[in-house]
Amino acid sequence: MSDREGSRWVRGRTALAAFVVVTALAAGGVWFGQASDRASAVDAAPKTSAVQDVKEDAKEPGGLPGVRDCGVGKRAVKPHVIRLTCADEGMVATAIQWKVYGAREAYGAGVVQVEKTAAGAGGDAGFPATFRLYGPKPVDGTVLFTGLEVTYEGSTPLGDTTEMYNLA
């Protein structure tokens, strides 16, 4: 191999290595650029159950208490969204994943979405929280949870670490 052929081979290999590095950096930049989109996906979640078409489990557990959004409407077992302030819909529990859902209590975790007009908040925000449904009672021929306890996992929209809501 002459010097000229060897230098061509080295230049080709260098160009290939540069191409691989640039491609990897570009792909990584796109992935990291979308990280903020993934992190803010909860903030962009619909704020009421009326606009969120959430499919419930195919088989609804029989005999378990349900929840009616703001005490009206259709009963939902293991709801993914619960409005907390019904008058202005400024605070909504969203993305709820139930860890335990029984006949007496239910425990889950999700995010409380707060619109900027609610509670004087500076902008729309999401607050991670845990949820406890309690107080099952017969209401209009069906059994419903009548109370909701919200415990925030850090900063809170109203300054309280725990808030109680009447659901029926």
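**Reading the aromatic cluster and the sheet**

Analyst: Trp98, Tyr101 and Phe145 form one aromatic cluster. The model is a predicted one, and the values that follow are computed from it.

User: How many aromatic pairs are there by this rule, and how are the rings of Trp98 and Tyr101 placed?

Analyst: Ring pairs are read from the distance between centres and the angle between planes, with planes over 60 degrees apart counted as edge-to-face. The count comes to three aromatic pairs. For Trp98 and Tyr101, the ring centres are 5.6 Å apart and the planes stand at 80°, so this pair is edge-to-face. Tyr101 also pairs with Phe145, again edge-to-face, at 5.7 Å centre to centre with 85° between the planes. Tyr101 belongs to strand β4 and Phe145 to strand β7, so this second pair ties together parts 44 residues apart in sequence.

User: Are Trp98, Tyr101 and Phe145 buried or exposed?

Analyst: Burial is judged by relative accessible area, with under 20% taken as buried. Trp98 counts as buried because its relative accessibility is 15%. Tyr101 is buried at 11%, and Phe145 is buried at 1%.

User: What is the secondary structure of the protein, and in what order do the elements run from the N terminus?

Analyst: The protein has two helices and eight strands. From the N terminus on, the order is α-α-β-β-β-β-β-β-β-β. Of its 168 residues, 32% count as buried. Among contacts with a separation of 6 or more, 39% come from residues 24 or more positions apart.

User: In what order do the six strands form the open sheet, and which are the edge strands?

Analyst: Strands of a sheet pair through backbone hydrogen bonds, in either a parallel or an antiparallel sense. In this model six strands form an open sheet in the order β3-β4-β5-β6-β7-β8, with antiparallel pairing. The edge strands are β3 (82-83) and β8, each of which pairs on one side only.

User: How many bridges join β5 to β6, β6 to β7, and β7 to β8?

Analyst: The strands can be taken in turn. β5 and β6 pair over nine bridges in the antiparallel sense; Gly108 has Phe131 of β6 as its bridge partner. Between β6 and β7, which run antiparallel, there are 10 bridges, and Pro138 is partnered by Val143 of β7. β7 and β8 (residues 162-166) run antiparallel and are joined by five bridges; here Val150 has Glu163 of β8 as its bridge partner.

User: What lies between β6 and β7, and what is phi of Asp140?

Analyst: β6 and β7 form a hairpin with two residues between them. Asp140 lies in the loop between β6 (125-139) and β7 (142-152). Phi of Asp140 is near 50°, a positive value in a residue other than glycine. Asp140 counts as exposed because its relative accessibility is 68%.

User: Where is Ala95 placed, and what is its phi?

Analyst: Ala95 is in strand β4 (residues 91-101). Although not a glycine, Ala95 has a positive phi of about 55°. At 40% relative accessibility, Ala95 counts as partly exposed.

User: Which residues have the most contacts inside the largest nonpolar core, and which elements give two or more residues to this core?

Analyst: A nonpolar core is traced through the side-chain contacts of buried residues. The largest nonpolar core has 24 residues, and those with the most contacts inside it are Ile82, Tyr101, Val112, Phe131, Leu133, Leu148 and Val150. The elements that give two or more residues to this core are β4, β5 (106-114), β6 and β7. β7 is mostly covered, with eight of its 11 residues buried.

User: With which residues is Val112 in contact, leaving aside its neighbours within four places in sequence?

Analyst: The contacts of Val112 beyond those neighbours include Leu84, Met91, Val92, Ala93, Phe127, Phe131, Val150 and Tyr152. Phe131 and Val150 also stand, with Val112, among the residues with the most contacts inside the largest nonpolar core.

Notes:
Residues numbered from 1 in each chain as written. Predicted model: local features only at pLDDT ≥ 70, side-chain atom pairs only at ≥ 80, totals over all residues. Heavy atoms only, no water. Helix = DSSP H or I, 4+ residues; strand = E, 2+ residues; numbered from the N terminus. Buried < 20%, exposed > 50% of the residue type's maximum accessible area, 1.4 Å probe, protein only. Contact = heavy atoms within 4.5 Å. Phe/Tyr/Trp six-rings, centres within 6.5 Å; stacked < 30°, edge-to-face > 60°. Pairing = 2+ DSSP bridges. Core = buried A, V, L, I, M, F, W, Y, C linked by side-chain atoms within 4.5 Å.
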